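Here is a short briefing on one structure. Look over the sequence and the model, then read on.

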Amino acid sequence: MIAIIDYGMGNLRSVHKAFEAVGAKAQITHNADDILKADKVVLPGVGAMGPAMQKLQELALIGVIRQVIQDGKPFLGICLGMQLLFESSSEGGFSEGLKIFKGSVERFSGLKVPHMGWNQVKIQPAGSQMFKGLSSGENVYFCHSYFVKPQDAGLIAGITNYGNDFVSAVIRGNIWGVQFHPEKSQKSGLQILKNFGEL
């Protein structure tokens with residue numbers, strides 16, 4: 001069972017339907033026991049790091065997320081869910097994240113924001129499992145004004161160009177993160193969710 005964490009800041013139904021479309025069993029929940037018992041965990045999200053961390057704190061889920069990751073369960077952060085894995089964000093003032101990965105979340109500079117619509121992902125060597133069955137340059141769907149800047153280049157699974165190259169996917173062991181919305185990315189996105197479901 002895949003637990004999709006409900007903390008009031010994500011496209012939960014569309015993520016749930018996308019997993020169902022690839023034959024994966026998933027449930028939407030904010031119950032700590034359900035999340036800890038799940039085989040895999042997904043943290044979706046739309047919005048800014050500060051309010052998201054506040055909601056996770058109110059639901060007593062910060063420690064639960066860290067425990068799931070520490071236990072080695074497959075974990076997928078989508079959009080804001082990926083950004084939350086990093087140390088901090090400058091969106092709406094300085095906010096601290098989950099600090100799973102070293103690095104920050106920064107705003108696109110000198111470009112129209114949000115970066116919204118279809119764009120290509122250049123698959124990096126680290127992303128071979130995440131993007132299995134897909135070719136480099138596949139189009140996926142984005143909607144964001146901030147992007148992650150990892151300190152460790154070894155995390156980078158995908159790169160996308162919007163004015164300049166930015167990191168659009170990360171991976172380390174059991175932890176996956178994507179800046180784009182696989183649930184809105186049609187065939188390409190469903191393949192990524194299928195790959196995650198098969199971990």
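Which are the buried residues of helix α1 (residues 12–21)? They are Leu12, Val15, His16, Ala18 and Phe19. Buried means under 20% relative accessible area, exposed over 50%, and partly exposed in between, with a 1.4 Å probe and protein chains only. This is a predicted model, in which local features need pLDDT of at least 70, side-chain atom pairs count only at pLDDT 80 or more, and totals for chains, interfaces and linings use all residues. Residues are numbered from 1 along each chain as its sequence is written, and side-chain values use heavy atoms, with hydrogens and water left out.

**Helix α1**
- Seen down the axis of α1, the buried residues fall within an arc of 160°, so they line one face of the helix. (The arc is that of the directions from the helix axis to the C-beta atoms.)
- Exposed Arg13, Lys17 and Ala21 sit on the face turned away from the buried side of α1.
- The buried residues of α1 pack against β1, β2 (26–29), β3, β4 and α6 (186–197); contact means heavy atoms within 4.5 Å.
- Gly23 follows α1 and has a positive phi, near 80°.
- Helices (H or I, at least four residues) and strands (E, at least two) are DSSP runs, numbered from the N terminus.

**Helix α4**
- Helix α4 (residues 62–70) has the buried residues Ile62, Val64, Ile65, Val68 and Ile69.
- These fall within an arc of 165° seen down the axis of α4, so they line one face of the helix.
- Their cover includes β1 (2–5), α2 (32–37), β3 (40–43), α3 (49–58), β4 (75–78) and β13 (175–178).
- Just after α4, Gly72 takes a positive phi of about 85°.

**Strand pairing**
- Strand β8 (residues 115–123) pairs with β9 in the antiparallel sense over 7 bridges; two strands pair if DSSP finds at least two bridges between them.
- Gly117 stands opposite Phe142 in β9.
- β8 also pairs with strand β11 (residues 156–162), in the antiparallel sense, over 2 bridges.
- Lys122 has Ile159 in β11 as its bridge partner.

**Largest pocket**
- The largest pocket holds about 180 Å³ of space.
- It is lined by 15 residues, and the closest to its centre are Val46, Gly47, Cys79, Cys143 and His144.
- α5 (80–83) and β9 (138–144) are the elements that give two or more residues to the lining of the largest pocket.
- On a 1 Å grid over the protein atoms alone, a pocket is an open set of points where a 1.4 Å probe fits, with protein on both sides within 12 Å along at least five of seven lines; lining residues have an atom within 4 Å of a point.
- Grid points are joined across faces, edges and corners, and the volume is the space filled by probe spheres set on them.
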